[in-house]
Amino acid sequence: MTSGTSRRARVLAAAVGTGVLVPLVAAATPASAAAPAVTCTSAKAGLAGKLKNDITAALATRKGTVAVGLYDRSTDTTCTLRASSAYDSASVVKVTVLATLLWDAKKTNRYLTDRENTLAKAMITKSDNAATSTLWKQLGMTKIKGFLSAAGMTQTKPGANGYWGLTQITVTDEQKLLKLLTARNAVLSDNSRAYIVKLMGQVVSSQRWGTPYGVPSGVTVAVKNGWLQRSTNGWRVHSVGAFKGGGHDYVMTVLTHGNSTMNYGIATIQAVAKVIHRDLAAS
């Protein structure tokens, strides 16, 4: 005669085998981890709380996985969400490629050649992939890793076998790079910084979406975007930007994947950017 205990065990085994959910199985399944929260700090009273609430609300109904970084020098404000999560870089890495080229040229005290200038301009302003591949190959992994080390971008992993668009990037490192571009430092010369920011300010109009969305009038914009579709995690859509004016000097990174379309990803980024520009302008 089968005891009640052993019979329950057999029923449970059968249920698991057929994919039927029974209470015992459900009880043993750990609850899924809560989604990470936006965190903000600011020297300006009330600003951190407002940004946290508004960025959270902007993402409340959005699908996909989103990482956010904001730093405003003027109010010593920082916001982060998934700051260390890795994303395929797509074309956002092109800013790193140009920074590496200039960093390396500075070490040998030389100017960029006419050919390098032409490639750099096409790479940043039009997001030209062939120009990027040429410069990536010219630099080589040693120089690229050398720049990342000098810049403290320890979370960035260059794409292998020439696949620069599969470089792994994080909000933390992209924000480090943007900070280097927008303030004096020992890694990039003032001329190098000005050159990169100038090209990011000349991006063709069709690629000026993302972090500049909702920027107040009179605020200068430097932007670089990236987009890439793969079989896993759908569309990667990213935007990094630097903004100055209206009493503020800030940099912003929004990285996304798991988007159903490129436009869906753009809309998510712009929902975040809009509230950030608005809240800073009002502070």
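Guide: In this predicted model, the protein chain exposes about 13,500 Å², of which carbon and sulfur atoms supply 56%. Of its 283 residues, 46% count as buried. The chain holds nine helices and eight strands.

Visitor: Why is glycine 218 called exposed?

Guide: A residue is exposed when its relative accessible area is over 50%. Glycine 218 has 71% relative accessibility, and therefore counts as exposed.

Visitor: Where is glycine 218 placed, and with what is glycine 218 in contact?

Guide: Glycine 218 lies in the loop between α8 (190-200) and β6 (220-229). Apart from its neighbours within four places in sequence, glycine 218 is in contact with Lys244 and Gly245. The C-alpha atoms of glycine 218 and lysine 244 are separated by 8.6 Å, although the two residues are 26 residues apart along the chain.

Visitor: How do you know that the buried residues of α3 line one face of the helix?

Guide: Buried means under 20% relative accessible area. In α3, this applies to Leu47, Ala48, Leu51, Asp54, Ile55, Ala58 and Leu59. Seen down the axis of α3, these residues fall within an arc of 140°, so they line one face. The face turned away from this buried side carries the exposed residues Asn53 and Ala57.

Visitor: Against which elements do the buried residues of α3 pack?

Guide: They pack against β1 (39-41), β2 (65-72), β3 (77-81) and α9 (262-281).

Visitor: What makes β1 and β6 stand at the edges of the sheet?

Guide: Six strands form an open sheet in the order β1-β3-β2-β8-β7-β6, with antiparallel pairing. β1 and β6 each have a single partner strand, so one side of each is left without a neighbour in the sheet. Neighbouring strands of this sheet are turned by 5° against each other on average, direction ignored.

Visitor: How do you know that β7 and β8 pair?

Guide: Two strands pair if there are at least two bridges between them. Ten bridges join β7 (residues 235-245) to β8 (residues 248-259), and the two strands run antiparallel. As one instance, serine 239 has valine 254 in β8 as its bridge partner. Helix α8 packs on the sheet, touching β6 and β7, and its direction makes about 70° with that of β6.

Conventions
Residues numbered from 1 in each chain as written. Predicted model: local features only at pLDDT ≥ 70, side-chain atom pairs only at ≥ 80, totals over all residues. Heavy atoms only, no water. Buried < 20%, exposed > 50% of the residue type's maximum accessible area, 1.4 Å probe, protein only. Helix = DSSP H or I, 4+ residues; strand = E, 2+ residues; numbered from the N terminus. Arc of directions from axis to C-beta. Contact = heavy atoms within 4.5 Å. Areas by Shrake-Rupley, 256 points an atom, 1.4 Å probe, with all protein chains shown as cover. Axes fitted to C-alpha atoms, helices over the stretch in contact; angles between N-to-C directions.
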